[in-house]
Amino acid sequence: MAIVLFDGECHFCDASVQFIIKRDPKGYFQFASLQSEVGRELLERYQVPKADSIVLIENGRYFLQSTAALKIARRLQGFWRFAYVFIAVPTGVRNFAYNKLAKNRYKWFGKKELCELPSQDIRQRFLS
């Protein structure tokens with residue numbers, strides 16, 4: 001099991017969570033927003049320095065930015081797992097592109113006012 005912490009106010013981040021859920025039928029990933037009480041507790045417990053878009057907590061460690069995204073991708077069904085080959089690209093190069101998207105995500109995709117309620121089986125994967 002792994003936990004994905006995401007920006008609960010970001011449309012792109014919400015769409016990313018839905019993307020993961022659809023490609024993770026075994027339910028390896030659980031989710032919590034960074035803004036939630038659970039999210040804040042996990043950030044503190046794992047001493048995550050600064051997280052503003054996505055954090056992966058797996059095997060007692062945290063991963064940020066493009067590393068988190070690629071580690072998530074390798075667990076997904078379909079060809080998405082092959083994106084993990086990009087882990088060989090230097091972190092600075094990967095994070096340059098990642099940070100460009102993260103910095104502009106509200107401007108490009110908008111900010112959420114309300115959260116959709118997922119179905120009961122999906123709701124169990126969200127920590128509260």
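Helices here are DSSP runs of H or I with at least four residues, and strands are runs of E with at least two, both numbered from the N terminus. By that count, the protein chain of this predicted model has five helices and four strands. Starting at the N terminus, the elements follow the order β-α-β-α-β-β-α-α-α.

Let's take the chain as a whole before turning to its parts. Of its 128 residues, 41% are buried. Among contacts with a separation of 6 or more, 64% join residues 24 or more positions apart. The accessible surface is about 8000 Å², and carbon and sulfur atoms account for 57% of it.

Now have a look at helix α2, which spans residues 37-45. Which of its residues are buried? They are V38, G39, L42 and L43. Viewed down the axis of α2, these buried residues fall within an arc of 135°, so they line one face of the helix. Their packing partners are β1, β2 (29-33) and β3 (54-58). On the face turned away from the buried side you will find the exposed residues E37, E44 and R45. After α2 comes Q47, with a positive phi near 55°.

Our last stop is the largest pocket, which holds about 630 Å³ of space. Its lining consists of 24 residues, with F12, S16, A69, Y98 and L101 lying nearest the centre. At least two lining residues come from each of β1 (2-6), α1 (11-22), α3 (65-73) and α4 (91-109). By type, the lining has 19 nonpolar, three polar and two charged residues.

How values were computed. Residues are numbered from 1 along each chain as its sequence is written. This is a predicted model: local features need pLDDT of at least 70, side-chain atom pairs count only at pLDDT 80 or more; totals for chains, interfaces and linings use all residues. Side-chain values use heavy atoms; hydrogens and water are left out. On a 1 Å grid over the protein atoms alone, a cavity is a set of points where a 1.4 Å probe fits but cannot get out, and a pocket is an open set with protein on both sides within 12 Å along at least five of seven lines; lining residues have an atom within 4 Å of a point. Grid points are joined across faces, edges and corners, and a volume is the space filled by probe spheres set on the points. Ala, Val, Leu, Ile, Met, Phe, Trp, Tyr, Cys and Pro count as nonpolar, Asp, Glu, Lys and Arg as charged, and the others, Gly among them, as polar. Buried means under 20% relative accessible area, exposed over 50%, partly exposed in between (1.4 Å probe, protein chains only). The arc is that of the directions from the helix axis to the C-beta atoms. Contact means heavy atoms within 4.5 Å. Accessible areas come from the Shrake-Rupley method with a 1.4 Å probe; for residues, only the protein chains shown count as cover.
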